[in-house]
Amino acid sequence: QNDRILNPETGLCECPEDKPYYFENEDMCCQSGYTPVEGVCQKIDCRGGPTNYDCYINDKRCGYNCDSLGRNCVNGICYADECNTGEPFTFVNWPWYYYRCKKQIDSMSCYRYGNKDNIYKCFSNSTLCEEMDANLTQKNGTCDPSVCTNILSSASFVYWGDKNIYYGSCDFGNNLLCYPTNNYTTWICYKNGYLCGENCTNPLNCGDCSSQKCINGMTYNPQTEYCEDIETGVYCTTTKGTYYQDCYQKDGNRCNFIDVTLSGKVAAGSCEDPGCPNGMVYGYVAIDKGYYGCIDDQHGNEGMSCFYLTSYEPNVCYYNGELCGRRCAYDGTNCGEVFLPQCALAGHCPQTGYDMSDGCTCDGSVTHYEGKDYCCPTGHEYINGACALI
């Protein structure tokens, strides 16, 4: 609904004082902390802190690692005014983030998922297959199967990746999988699921892809089809079609997974002691998918347990099985985002709508609601069970 009114002094149509923010694509005026969604101004709420926040619209996450207003997110978009003209702010039901700026390109539906690098992710037949840059030039992957058969008539069109980074790729046989990059001028190739060549002009003659590929000094075992460390007994899968390979200790518990799109960097967990601090020991963190990390010396997973989770976090911690903090030290201290008091500074509250009845100190905003005080980020108030922007 367009609430703009004519300003007789300037001759311009302006939003009213109680809804001062105009969103051009939707032709709507909204209050501060609101964004238009399907013709209605919806409130944005941000959770976490004290330094980084995940933000939500109607309880669906729109941004990761944002400021307390839902702006400047590492990934995700929470405000319709961050979309270019002609790119509607759209709900997209696929993993991680839910609101995007949409751009239709021929038969592909492309979505810009953040302002950090202006990447568009493109879908064909509802499947993610290609990335484009801000100029809508092909960056990674393809949605066109003929790209594969033009190189080798027997090649198959497949998808490479997981969750929100699928790339349309070519399976050239013998566990060699490649996808085009840089406006189809070069290729990135994987052998047994491991990176073996980059910036190749010919995917059939790329890097060291002619050899059986493993990383970190491991040896490929053709019988098990694993990459194995003979000394430690750690072994890693070599399946193709996913962007990561799981690694396991001899006991069969997963110790980490490796992101093969990042030259084999560990994305989660540790297959050797990362240097657990006093009070913690190296062990299996039996949470969700489970990884090796640091667990409570006395109480195991019933106390504090933490494991490495990508360079964005970099450690995530649980207390008695519940998410306690992100971006923490291995003993649950110095967390950038706090969910339980066990990961907060002594005597301080998590800024998650936390009930302050235990006497903790709130470093953000305090809302008195139905006889109780609740702690939220600065600029938020506790409304209907959650923190929301004022």
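Let's start with Phe-307. At 5% relative accessibility, Phe-307 counts as buried, where buried means under 20% relative accessible area, exposed over 50%, and partly exposed in between, with a 1.4 Å probe and protein chains only.

A word on the basis. This is a predicted model: local features need pLDDT of at least 70, side-chain atom pairs count only at pLDDT 80 or more, and totals for chains, interfaces and linings use all residues. Residues are numbered from 1 along each chain as its sequence is written, and side-chain values use heavy atoms, leaving out hydrogens and water.

Now the aromatic pairs. The whole structure holds 17 of them. Rings of Phe, Tyr and Trp (its six-membered ring) pair if their centres lie within 6.5 Å; planes under 30 degrees apart count as stacked, over 60 as edge-to-face, the rest as tilted.

Take Tyr-282 and Tyr-292. Their pair is tilted, 5.1 Å centre to centre, with 50° between the planes. Tyr-282 sits in strand E27 and Tyr-292 in strand E28, so the pair ties together parts ten residues apart in sequence. Strands (E, at least two residues) are DSSP runs, numbered from the N terminus. Tyr-282 is partly exposed, at 24%. Tyr-292 is buried, at 11%.

Back to Phe-307. Its partner is Tyr-291, in a tilted pair: 5.1 Å and 50°. Tyr-291 is in strand E28, Phe-307 in strand E29, 16 residues apart. Tyr-291 is buried too, at 6% relative accessibility.

Which residues form one aromatic cluster? Trp-160, Tyr-167, Tyr-179 and Tyr-190.

Last, charges over rings (NZ of Lys or CZ of Arg within 6 Å of the ring centre and within 35 degrees of the ring normal). Arg-47 has its charged end over Tyr-56, 3.8 Å from the ring centre. Arg-71 lies over the face of Tyr-79, at 3.6 Å.

How values were computed: Helix = DSSP H or I, 4+ residues; strand = E, 2+ residues; numbered from the N terminus.
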